[in-house]
Each structure stands twice: as C-alpha cells, then as structure tokens.
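Biologist: I am new to this structure and would like to go through it with you. May we look at it together?
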Amino acid sequence: MSDVPPEAEQAIEALLGMLTGPRAPISKSSVRAARQVHIADSLSGLEVEPIRSAERIADLGSGAGLPGLVLAAALPGTRFDLIESVARKCEFLREAVKRMGLENAAVVCERSEGWARGDGREAYGAVTARAVAPLAALAELASPLLVQGGVLAAWKGARSAEEEQQLARAADRLAVEPLEIRSVRPYPGSRDRHIHLLRKNGPTPNGLPRRPGMAAKRPFGSESN
C-alpha cells in the first residue's frame, strides 16, 4: 500500500481482515479485491486538499467505514465521526475502530438529520460519502453538518447528467455550490469513478435538516418541486 503512511498500514490491514471476514457488512470479497477496489478508492480522498486540511470530518452513511475508517488511519491528526443509523453496521464500525487502534474516530449511531440538529450542526470542515445517495440528497444531508466554506466530497461511479442537473436546481436551496468533479486516479477497478466536490457557500438554510428520510423521498431539485 504505497499510498498509505507507514504507520497506517497495520490499521488498514486489520480493516481488510474484517471486510473479507464472514461478518463483513458489504458483499464478501477477496483481500486482493478489497485492497484494489475499496481501499484504493477510499485512499483517493487523500488527493483532495479540503479533506487533508480539515480538522474534523463526518463520514456520512459510513456503513463499512469506507472511506471514513481508511482516511482516519491515514490522517491521524484529523477527527472523524462515522455517522451510521443501522445498528449492526454501528457494531461493525465500533469493532473496526477498536481493532484498528484508531484514537481519532468515533461512531455516531443515529440518522444524520438528528445529529445535525444537535452536536453535529455546522461542526465539520468536510463531509465524505461513498455510494450513499444521489447528489442532491447528499448535499441536503451534508449542508447542516458543514461549516460555511466546508466541502462535501461524494464518491460516485459514472457521471449522471440527471443527478448533476437535479443538484444544480437544488443548490441555492441547500447553500451549496459544485466546485469540481474529479476522475479518480487510475487503480485496478477505478474506471468511471469520480469524486464530486461541493462547497457550502452560506449559512444553513432555514428548514434544514428536514425530517428523516425526506431528502431521499422528496429531494430538492426534482421535477415535482
């Protein structure tokens, strides 16, 4: 793992063992495949300056801890909150934090909307999310978590004109603006992978967060709005 700081390699090896074990929260894969796809994809976030410079990052819909756990291992000086609402996934994340020996990562086992009404409100310089939701929904969930000027980094597959147009229509209502769409640097399995970068450009709009689930059910920017 040439892109991983030497001190992080042991922690990531521990995570690989969990991702390829019988209780993995994602489809079971070989160690080779997990390293070449999931770990490499997560490490591509190290090339994003707002991630490298943030003091506190929220990993939204953390699931198996990708990219949150991997980035936490690689950035020991950054505090990571792994936000996940599914109890069994929270258990996996807590065990992973323990086995990886991470002192800079904590599991927040609740809906992001609830967290954004309390301790998580406007608390983060960056929010990460990998394969969680459409862009407009992610932007809505991330906006109340971010400080003004903070950045959402959304890991996605092939670009979707429909998603990007919906985000453009919703952006003003969410106080976000698209910054850049980066092609993930080449690694085995990286074809058509992208990281979308969005910046929060104003105060959190009134009414955010909405009730849990509304961002997915009735996203801003959809034709019905």
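Biologist: Is E95 buried, partly exposed or exposed?
Modeller: This is a predicted model, and in it E95 is partly exposed, with a relative accessible area of 31%.

Biologist: Which side chain does E95 meet in a salt bridge?
Modeller: The side chain of R99 meets E95 in a salt bridge, with 2.9 Å from N to O. R99 counts as exposed, at 52% relative accessibility.

Biologist: Where do R99 and E95 lie?
Modeller: Both lie in helix α5, which covers residues 87-100. They are four residues apart, about one turn of the helix.

Biologist: Why does that spacing matter for the way residues point?
Modeller: An α-helix has 3.6 residues a turn, so residues three or four places apart point the same way.

Biologist: How many salt bridges does the structure hold?
Modeller: The structure holds 13 salt bridges. One of them joins E164 and R159, whose closest N and O atoms are 2.8 Å apart. Salt bridges that share partners also join D41, R130 and R193 into one network.

Biologist: Is R159 buried, partly exposed or exposed?
Modeller: R159 is partly exposed, with a relative accessible area of 49%.

Biologist: What about R79 and D81, how do their side chains meet?
Modeller: The side chains of R79 and D81 meet in a salt bridge, at 3.6 Å from N to O. R79 is partly exposed, with a relative accessible area of 44%, whereas D81 is buried, at 1%.

Biologist: Let us change topic. Which residues touch the most other members of the largest nonpolar core?
Modeller: Those are L15, I39 and L69, in a core of 43 residues. Several elements each supply at least two residues of this core, among them α1 (6-19), α2 (31-43), α4 (68-74) and β2 (79-83). Helix α5 is also on that list, as are the strands β5 (146-156) and β7 (194-200).

Biologist: Which element gives the largest share of this core?
Modeller: The largest share comes from α1, which provides seven residues.

Biologist: What does the second core include?
Modeller: The second core is separate and has 31 residues, including A58, V108, A123 and L146.

Biologist: One last topic: how many residues of helix α7 are buried?
Modeller: Helix α7, residues 135-142, is mostly covered, with eight of its eight residues buried.

Biologist: Which residues are they?
Modeller: The buried residues of α7 are L135, A136, A137, L138, A139, E140, L141 and A142.

Technical notes: Residues are numbered from 1 along each chain as its sequence is written. This is a predicted model: local features need pLDDT of at least 70, side-chain atom pairs count only at pLDDT 80 or more; totals for chains, interfaces and linings use all residues. Side-chain values use heavy atoms; hydrogens and water are left out. A salt bridge is a side-chain nitrogen of Lys or Arg within 4 Å of a carboxyl oxygen of Asp or Glu. Buried means under 20% relative accessible area, exposed over 50%, partly exposed in between (1.4 Å probe, protein chains only). A nonpolar core is a set of buried Ala, Val, Leu, Ile, Met, Phe, Trp, Tyr and Cys residues joined through side-chain atoms within 4.5 Å.
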